[in-house]
Amino acid sequence: MALKIQMDLNRSLQIAARVSVVALGLTVPLLDQAIADYATLAGTATRIALWALWAVAFLCILVPSCTALTCLRLAAPSTLALVLFTILATDSWSPRSLVSVMLSLICVSTVFSAEVGNAFAQLSAYGDERRFLLRCPTDMVIVQILMWALWVAAAITAISFFNDENWIAGTVFAVLTAGLSYILPSRFHRFSRRWLVGVPAGVVIHDSFALAETAMFMKQSIAHIGIETNSEKSEAADLSGGCRGPSITISLREFDKVILAATRKNPGGKALHVQTMRVCPTRVARTVQELTS
């Protein structure tokens with residue numbers, strides 16, 4: 001019964017995410033008056049950017065995958081930022097503008113849900129794989145938000161300078177935006193490709209952020225998979241990349257070797273012989289239930 005309720009909730013959230021992305025297309029008509037208050041160049045650029053972001057998000061829900069998940073999770077908050085900036089810049093706090101903000105907020109909240117993340121990751125799976133998206137470490141969440149904010153701010157600033165006919169400053173920020181557009185997407189995408197994978201033969205930890213090599217454990221070598229609630233006192237090797245909170249522990253019958261990702265202190269990675277390890281999927285209880293069923 002509980003599993004059926006959970007499955008229904010997952011399906012409902014996935015449908016809500018798709019509906020919210022479709023509804024996001026209403027932001028441009030709703031902001032039409034605010035955009036009209038802009039000068040010609042800024043208004044045109046804002047309208048094109050909003051439609052382009054919506055088109056990207058809409059394509060992502062039509063063809064869901066890990067790559068689509070990254071694009072969707074970049075397009076939705078960027079739309080929200082642009083909507084808020086447009087309203088603030090033109091001081092257009094009308095009911096239509098507020099509705100556009102609400103639609104953007106709803107879209108962001110649904111596409112960043114764990115259920116949507118797991119669904120997109122699973123749709124990229126091969127054969128009998130069951131993929132569970134791993135939670136992003138808090139420190140890296142902060143870093144990603146700051147990098148995304150810099151990226152969006154650079155783009156908006158470039159448009160503002162061009163609109164004021166300040167061509168030199170506009171060009172500088174346009175070049176910065178182009179550079180960040182080349183560098184950042186691959187770094188964001190890295191966190192959409194962190195999975196704990198259940199396969200008929202065993203369990204795989206696919207995480208290029210925490211591990212130098214994919215860790216694979218045969219079913220017969222696994223003694224126990226359970227929930228770890230107090231990671232600070234855990235003796236399990238931390239393969240989560242520094243995630244806090246509830247996690248999964250995987251205990252082996254014998255010691256096995258894993259290689260941690262390279263750091264400044266260990267540029268070649270660090271080999272560990274482990275018997276118990278912890279990872280942090282986005283939905284801990286459901287992951288344990290499915291892996292042990």
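Reply: What follows goes through the core and then turns to the aromatic rings. The model is predicted, so local features need pLDDT of at least 70 and side-chain atom pairs count only at pLDDT 80 or more, whereas totals for chains, interfaces and linings use all residues. Residues are numbered from 1 along each chain as its sequence is written, and side-chain values use heavy atoms, with hydrogens and water left out.

A nonpolar core is here a set of buried Ala, Val, Leu, Ile, Met, Phe, Trp, Tyr and Cys residues joined through side-chain atoms within 4.5 Å, where buried means under 20% relative accessible area, exposed over 50% and partly exposed in between, with a 1.4 Å probe and protein chains only. The largest such core has 41 residues, and V21, L31, L50 and L72 have the most contacts inside it; helix 5 (residues 66-90) gives the most to this core, with 12 residues, helices being DSSP runs of H or I with at least four residues, numbered from the N terminus.

Leaving aside neighbours within four places in sequence, V21 is in contact (heavy atoms within 4.5 Å) with W54, A57, F58, I61, L72, C107 and V111. Rings of Phe, Tyr and Trp (its six-membered ring) pair if their centres lie within 6.5 Å, and count as stacked with planes under 30 degrees apart, edge-to-face over 60 and tilted for the rest. The rings of W54 and F58 are stacked because their centres are 5.2 Å apart and their planes at 15 degrees. W54 and F58 are 4 residues apart in helix 4 (residues 40-62), so about one helical turn separates them. F58 is partly exposed, with a relative accessible area of 29%.

Conventions: Helices (H or I, at least four residues) and strands (E, at least two) are DSSP runs, numbered from the N terminus.
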